[in-house]
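Got the viewer open and a selection box ready? Here is a tour, stop by stop, with what to pick next and what you'll find there.

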Amino acid sequence: MTPSRFRILTKQLADARGARHGTVVTIEDGRITELTPWTPDTKPEPNDIEAQDALLVPGFIDIHIHGGAGRYLMEGTAESLQVVAHHLAKHGATGFLSTTITAPWSEQAQALAVAAQAMHSPDNGQEGAQVLGCHLEGPYINPVKKGAQPAQFIRPPSIEELVRETGENLHAVKVVTLAPEMDGALPLIRWMAQQNIIASIGHTNATYTQICAAIDAGARHVTHCYNAMRPLDSREPGVVGATMAHPELTAELIWDNHHVHPASCRALIQAKGADKVILISDGIPGTSMPEGYIFHLGGLPINVKDGTARLPDGTLAGSLLTLEVAFQNAEVFNLAQRSAMTSRNAAVALGLGGTKGLISPGYDADLVLLNPNGDVQKTFVAGRCVYSAP
């Protein structure tokens, strides 16, 4: 059992503001209360955690995650949600958005209801990552860029339908991925902006001009940039070009070295700045499962093969990435930039910038200790150790 007051003594910590060496982080009742130098004169206390070789960073926040460890968030059960929450904590995530896919509204509404209930539960985050809300990836997308989403459940964008189908759990919807070129999308984007719901451009064949119209309507986010969208061309910048050119947009990025080439990852971050990119897992049930594992998403069979998850025709179907690996893959950027992209930027986007994403007095003690190889050593959610490596 984690004590209500303890200290982490670390030789190095980093957050979006930079790195520092030799620091004592004091945690009381789930919050960070003090940062002081760790010197030879520091007197040991009974509950101290000494992290001589580890790096302490803010807990990762995964705003686009469908499942892991063999479980699927679209199962719509408290058990599957808890298994995924524990899986995420094992890989350094301390908060996440339960992410749906295009499916019958009854299934999406059930997954949303379970996430909403978990958000308000006193047990939220006690045994794994905290549920911070829900990300609806569809159904308001373009069939031309559906990727692994089932086409038969794609719907025309509608304010009335979204309100009706989400019902009393609309408050738990934090992000909606949609294609802004579809009829009805712009009014929906305007309405979501008024409700503080993030309208995220994704699974879209929009032109640059159509993306500009979406930005004017209030779109501020891009779902897994480069993937399932119109690419950059010399005379038609498309979605990718608009994302790079417009600072209003924050871009999700799957840095697993399968979905996006590392050079393209670097180009996006260099174009936008590390404060405008959020690394996501887009993780699915096959994450952490063995080679050859087969599961289904939206009725479509997915096979874990050669470190990827693919449909029978070879189409990538979500990723097997976890955020500590994304943090490692982005090592060409400094620790502050990587911490911003795995924690701070997501917290700010979700309106949680005053409590999450930094190692600072007053902030939630959502923290991860990484060993020199970048693997997770310990994960703390609100000061509670929810994972400790064997």
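Start by selecting Ser288: at 48% relative accessibility it counts as partly exposed, a label for anything between buried (under 20% relative accessible area) and exposed (over 50%), using a 1.4 Å probe and protein chains only. Ser288 sits in the loop between strand S14 (277-279) and strand S15 (294-297); helices (H or I, at least four residues) and strands (E, at least two) are DSSP runs, numbered from the N terminus. Check the backbone too: phi of Ser288 is near 70°, a positive value in a residue other than glycine. Most residues other than glycine have a negative phi, and most peptide bonds are trans.

Some housekeeping: this is a predicted model, where local features need pLDDT of at least 70 and side-chain atom pairs count only at pLDDT 80 or more, while totals for chains, interfaces and linings use all residues. Residues are numbered from 1 along each chain as its sequence is written, and side-chain values use heavy atoms, with hydrogens and water left out.

Next, jump to Ala69, which has a positive phi of about 55° although it is not a glycine. Look for Ala69 in the loop between strand S6 (67-68) and strand S7 (71-72). Its relative accessible area is 34%, so Ala69 is partly exposed.

For another backbone stop, select Gly138 and Pro139: the peptide bond between them is cis, with omega near 15°. Pro139 belongs to the loop between strand S9 (130-137) and helix H3 (159-166).

Now zoom out. The protein chain has 9 helices and 20 strands, and its C-alpha atoms fill a box of roughly 65 × 45 × 45 Å along the principal axes. Buried residues make up 56% of the 390 residues.

Then go inside. Which residues touch the most other members of the largest nonpolar core? Pick Phe96, Met192 and Leu253, out of 84 residues in that core. A nonpolar core here is a set of buried Ala, Val, Leu, Ile, Met, Phe, Trp, Tyr and Cys residues joined through side-chain atoms within 4.5 Å. Helix H2 (residues 105-119) gives the most to this core, with 6 residues. Apart from it lies another core, of 17 residues, including Phe6 and Phe380.

Stay with Leu253 and show its contacts (heavy atoms within 4.5 Å): leaving aside neighbours within four places in sequence, these include Cys225, Leu268, Val277 and Ile278. Move to Ala251 in strand S13 (residues 250-253). With a relative accessible area of 0%, Ala251 is buried. Beyond four places in sequence, Ala251 is in contact with residues including Val222, Thr243 and Lys272. Ala251 and Lys272 are 21 residues apart in sequence and 8.6 Å apart in space, C-alpha to C-alpha.

Next, select H4 (residues 185-194) and H5 (residues 208-217), which pack at an angle of about 30° with axes 8 Å apart. Axes are lines fitted to C-alpha atoms, for helices over the stretch in contact, and angles run from 0 to 180 degrees between N-to-C directions. H4 and H5 are therefore roughly parallel to each other; the cut-offs are under 35 degrees for roughly parallel, over 145 for roughly antiparallel, 65 to 115 for roughly perpendicular, and oblique for the rest. Show Leu186, Ile189, Arg190 and Ala193 in H4 meeting Ala213, Ala214 and Ala217 in H5.

Last stop: Pro37, in strand S3 (residues 31-37). Pro37 is exposed, at 55% relative accessible area, and its contacts beyond four places in sequence are Gly22, Val24 and Thr42.
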